[in-house]
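Thanks for coming, everyone. Please bring up the sequence and the model. I'll keep this short.

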Amino acid sequence: LDLVMESACEDASSQINDLTASVFNETKSVSQKLYNRGVGDSAVIEFVQPCPKVEWAGELKRDRNFVVNSNSDNKDNLLVTVFNPNHGEAKFQAMTQDRLKKVLLSYREVGDLHWSIARTEVEDDEGKQTSMELDFSTDYAEESGYGYASMKWKLANFVPEGIYEIKVETECTQLGGPADFDMFSTSILSGVIDLTLPEHYGQVLPLRDTVLLGEELVVVFTEPLRCEKPFTFD
C-alpha cells in the first residue's frame with residue numbers, strides 16, 4: 001500500500017493556507033510504502049483474520065444429539081468428531097503458530113450456567129494413560145488431510161449421569177476487538193448419559209389380593225420410562 005502525503009498550505013496557489021484546498025500548480029508530496037509481510041515486490045499488508053471456525057462432523061452432525069446408555073458399545077467414552085473448514089490452508093495444530101490457542105470441547109448439565117472442559121485419555125512416554133484437556137489443536141489430536149479429527153470424551157469417573165449440552169470452541173489471542181473476533185463456537189448439541197437401568201419399585205397397585213376384570217394395574221419404576229409409540233421394546 002503506497003501512502004502519499006501532500007501539504008496544501010505550502011503551495012502558492014492555495015487559498016490562504018486552506019488545508020482543504022484541492023487545486024495546486026505545484027505538488028509537494030512524499031510517498032511511503034506500507035507493509036507488514038514480505039519484502040520488495042512481494043511486500044503486502046495482511047489484515048488480522050477472525051478466529052478459525054470449527055464444525056461438527058460424524059454422528060454428532062448427523063443426529064444433532066447423543067445418547068450413552070447400557071446398550072452403547074463404549075459406555076466409558078463418547079467419540080467426538082469435528083471438521084476444520086480451513087484445512088486447505090493449515091491444520092489446527094499449525095494454526096497455533098499464529099493466533100489460535102485452543103480448540104476445546106466443553107459441556108454442562110442442562111440448567112447450569114458454567115461450562116466445563118471435557119477430558120480425554122492420552123498415552124504418555126511411559127505408556128501410561130494420562131487425563132488431558134480434549135483439545136483438537138494439540139499434538140495428540142490427529143487431524144486427517146481432509147480436515148477431520150476425532151477424539152474420545154472421557155465420561156467414566158468424570159461425568160455423572162444426566163442431560164448435557166456440548167459445544168466445541170476455538171480460542172484465539174485477544175487483540176482488544178469484538179469478542180466474536182477472538183473466538184468461534186459451534187452450535188450447542190444436547191444428549192443423555194444414562195447407564196442405570198430402571199428397576200421395579202414397591203408393589204403392584206392396587207394393593208390387594210384380587211382385582212376386578214378390566215381394572216388397570218400400576219407398576220412403579222425408579223425412573224420414567226419411554227413408552228411413546230412406536231414402542232422400543234417387545
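I'll go from the overall fold to the core, then to the aromatic pairs, and finish with a hairpin and a loop.

Some ground rules. This is a predicted model, where local features need pLDDT of at least 70, side-chain atom pairs count only at pLDDT 80 or more, and totals for chains, interfaces and linings use all residues. Residues are numbered from 1 along each chain as its sequence is written, and side-chain values use heavy atoms, with hydrogens and water left out.

Start with the fold. The protein has two helices and 13 strands. Those are DSSP runs, numbered from the N terminus: helices are H or I with at least four residues, strands are E with at least two. Of the 234 residues, 26% are buried. Buried means under 20% relative accessible area, exposed means over 50%, and partly exposed is in between, using a 1.4 Å probe and protein chains only.

Now the core. The largest nonpolar core holds 30 residues. Such a core is a set of buried Ala, Val, Leu, Ile, Met, Phe, Trp, Tyr and Cys residues joined through side-chain atoms within 4.5 Å. Among those with the most contacts inside this core are Trp56, Phe66 and Trp153. Elements giving two or more residues to the core include E4, E5, helix H2 (92-95) and strand E6 (100-109).

Next, the rings. How many aromatic pairs does the structure hold? Four. Rings of Phe, Tyr and Trp (its six-membered ring) pair if their centres lie within 6.5 Å; planes under 30 degrees apart are stacked, over 60 edge-to-face, the rest tilted. Phenylalanine 83 and tyrosine 148 make a tilted pair, 4.9 Å centre to centre with 40° between the planes. Phenylalanine 83 sits in strand E5 and tyrosine 148 in strand E10, 65 residues apart. Phenylalanine 83 is buried at 17%, whereas tyrosine 148 is partly exposed at 41%. Tyrosine 107 and tyrosine 164 pair edge-to-face, at 6.0 Å and 65°. Both of these tyrosines are buried. Ring pairs also link Phe66, Tyr107, Trp153 and Tyr164 into a cluster.

On to the hairpin. Strands E8 (residues 119-123) and E9 (residues 129-133) pair antiparallel over five bridges. Strands pair if DSSP finds at least two bridges between them. Five residues lie between these strands, and glycine 127 takes a positive phi near 85°.

Last, the loop. Serine 72 is found between strand E4 (65-69) and strand E5 (77-83). Is serine 72 buried or exposed? Buried, because its relative accessibility is 16%. Its side chain reaches the backbone nitrogen of asparagine 69 at 2.9 Å.

Notes. Polar contact = N/O pair within 3.5 Å; in protein donor to acceptor, adjacent residues only side chain to side chain.
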